[in-house]
Amino acid sequence: MERYYVKRPTGKVFGPFDQNAIRLMLKSNKLGADAQVSTDKETWKPISQVEAFADSASGNKTQAGFAGQGLPRSAQKGPSLPRSKSS
């Protein structure tokens, strides 16, 4: 599976990450649709133009790398995991 580097609008580069990790970042608003991705750190594409992420990025309107800003608190936290039952 291909691994991608992520560049935020601020120019900061992270990674590499696999496709599933990037999709999770997009869905949890930790990564905005204004980010770019690269497999070689030389050629960058907007994340919304990469087929593997187009669906996840299209609904994510986060800009300037400030994920979660302006969202209700419940949406900023992400999904809650079920707690284990004590015996």
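Helices (H or I, at least four residues) and strands (E, at least two) are taken here as DSSP runs, numbered from the N terminus. On that basis, this predicted model reads β-β-α-β-β-α-α along the sequence. The protein has three helices and four strands. Of its 87 residues, 25% count as buried. Among contacts between residues at least 6 apart in sequence, 50% join residues at least 24 apart.

**Sheet**

- The four strands form an open sheet in the order β2-β1-β3-β4, with antiparallel pairing.
- β2 and β4 are the edge strands, and each pairs on one side only.
- β1 and β2 (residues 13-18) run antiparallel and are joined by four bridges.
- Tyr4 has Phe17 of β2 as its bridge partner.
- Lys7 has Val13 of β2 as its bridge partner.
- The two strands make a hairpin with five residues between them. In its turn, Gly11 has a positive phi of about 100°.
- Strand β2 also contains Pro16. The peptide bond between Gly15 and Pro16 is cis, with omega about 10°.

**Aromatic pair**

- A search of the whole structure finds one aromatic pair.
- The partners are Tyr4 and Phe53, in an edge-to-face arrangement. The centres are 5.1 Å apart, with 75° between the planes.
- What does the pair tie together? Tyr4 lies in strand β1 and Phe53 in the loop between β4 (45-46) and α2 (54-58), so the contact links parts that are 49 residues apart in sequence.

**Helix α1**

- The buried residues of α1 are Gln19, Ile22, Met25 and Leu26.
- Why do they line one face of the helix? Seen down the axis of α1, they fall within an arc of 125°, so they share one face.
- The general rule behind such a face is that an α-helix has 3.6 residues a turn, so residues three or four places apart point the same way.
- The face turned away from the buried side carries the exposed residues Leu24 and Lys27.
- Cover for the buried residues of α1 includes β1, β2, β3 (36-38) and α2.
- Asp18 caps the N-terminal end of α1. A side-chain oxygen of Asp18 lies 3.2 Å from the backbone nitrogen of Asn20.

- Ser56 is found in helix α2.
- Is Ser56 buried or exposed? Its relative accessible area is 13%, and the cut-off for buried is under 20%, so Ser56 counts as buried.
- Leaving aside neighbours within four places in sequence, Ser56 is in contact with Arg23, Leu26 and Lys27.

**Loops and backbone**

- Asn29 follows α1 and sits in the loop between α1 and β3.
- Phi of Asn29 is near 60°, a positive value in a residue other than glycine.
- Asn29 is buried, with a relative accessible area of 18%.
- Lys41 is found in the loop between β3 and β4. Lys41 is not a glycine, yet its phi is positive, about 65°.
- At 48% relative accessibility, Lys41 counts as partly exposed.
- Asp34 is found in the loop between α1 and β3. Asp34 is partly exposed, at 29% relative accessible area.
- How far apart are Asp34 and Arg8 in space? They are 7.3 Å apart, C-alpha to C-alpha, and 26 residues apart in sequence.

Key: Residues numbered from 1 in each chain as written. Predicted model: local features only at pLDDT ≥ 70, side-chain atom pairs only at ≥ 80, totals over all residues. Heavy atoms only, no water. Phe/Tyr/Trp six-rings, centres within 6.5 Å; stacked < 30°, edge-to-face > 60°. Pairing = 2+ DSSP bridges. Buried < 20%, exposed > 50% of the residue type's maximum accessible area, 1.4 Å probe, protein only. Arc of directions from axis to C-beta. Contact = heavy atoms within 4.5 Å. Polar contact = N/O pair within 3.5 Å; in protein donor to acceptor, adjacent residues only side chain to side chain.
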